[in-house]
Amino acid sequence: QVQLVESGGGLVQTGGSLKLSCAASGRTASSYTMGWFRRAPGKGREFVASITWSGSTTYYADSVKGRFTISRGNAKNTVYLQMNRLQPEDTAVYYCNAGGSRYSPGGDWGQGTQVTVSS
């Protein structure tokens, strides 16, 4: 099992930026595909972005492509989500995930971090 702890959420105005971090720990944490998902109020869970264990391949939802960037730290056990040009529709709880593939989640989730974009 992989333990995941997110940080970096907050309140930002439309057009602003935030950077989320996810620290992974546990055996072989650095060898997993990592991803970010979000759940907006009254909506289902939505894929945002994912990155392979090596960091060489990334995937994005169409709604965030060109605005968000997912990356891994050098030790491969930290994942970041740089969010630029934020819009009110990006408001959601963002969850870090481990063990999935491309657009599908794995079984390990963080506790979530709130991102609120004011108009």
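Which cysteines does the disulfide join? Cys-22 is joined to Cys-96, with an S to S distance of 2.0 Å. Before we go on, please keep in mind that this is a predicted model, in which local features need pLDDT of at least 70, side-chain atom pairs count only at pLDDT 80 or more, and totals for chains, interfaces and linings use all residues. Residues are numbered from 1 along each chain as its sequence is written, and side-chain values use heavy atoms, with hydrogens and water left out.

**The disulfide**

The structure holds one disulfide, a term used here for a pair of cysteine sulfur atoms within 2.5 Å. A disulfide is a covalent bond between the sulfur atoms of two cysteines. The torsion about the S-S bond of Cys-22 and Cys-96 is about -85 degrees, so this disulfide is left-handed. Distant parts of the chain are linked by the pair: Cys-22 sits in strand β3 (residues 18–25) and Cys-96 in strand β9 (residues 92–98), 74 residues apart. Both Cys-22 and Cys-96 are buried; buried means under 20% relative accessible area, exposed means over 50%, and partly exposed lies in between (1.4 Å probe, protein chains only).

**The chain as a whole**

You will find zero helices and 11 strands in the chain. Helices (H or I, at least four residues) and strands (E, at least two) are DSSP runs, numbered from the N terminus. Along the sequence the pattern reads β-β-β-β-β-β-β-β-β-β-β.

For 119 residues, a compact globule would have a radius of gyration near 14 Å, and the chain agrees with this at 13 Å. That radius is taken over C-alpha atoms, and the globule rule is 2.2 Å times the number of residues to the power 0.38. The C-alpha atoms fill a box of roughly 40 × 25 × 20 Å along the principal axes. Of the 119 residues, 44% are buried.

Contact means heavy atoms within 4.5 Å. Among contacts between residues at least 6 apart in sequence, 53% join residues at least 24 apart.

The chain carries 12 positive and 6 negative side chains, and the centres of the two sets lie 6 Å apart. Lys and Arg count as positive and Asp and Glu as negative, while His and the chain ends are not counted. Each charge is placed at NZ of Lys, CZ of Arg, CG of Asp or CD of Glu.

| Residue | Relative accessible area | Class |
|---|---|---|
| Ala-40 | 17% | buried |
| Thr-69 | 41% | partly exposed |
| Asp-108 | 14% | buried |

Asp-108 belongs to strand β10 (residues 108–109). Not counting residues up to four places away in sequence, Asp-108 touches Gln-1, Val-2, Leu-4, Cys-96, Asn-97 and Ala-98. One of these, Cys-96, is also a partner in the disulfide.

Ala-40 lies in the loop between β4 (34–39) and β5 (45–51). Leaving aside neighbours within four places in sequence, Ala-40 is in contact with Thr-91 and Ala-92. Its C-alpha atom is separated by 9.7 Å from that of Gln-114, although Ala-40 and Gln-114 are 74 residues apart along the chain.

Thr-69 is part of strand β7 (residues 68–72). Residues up to four places away aside, Thr-69 touches Tyr-60, Tyr-80, Leu-81 and Gln-82. Between the C-alpha atoms of Thr-69 and Thr-116, 47 residues apart along the chain, the separation is 18 Å.
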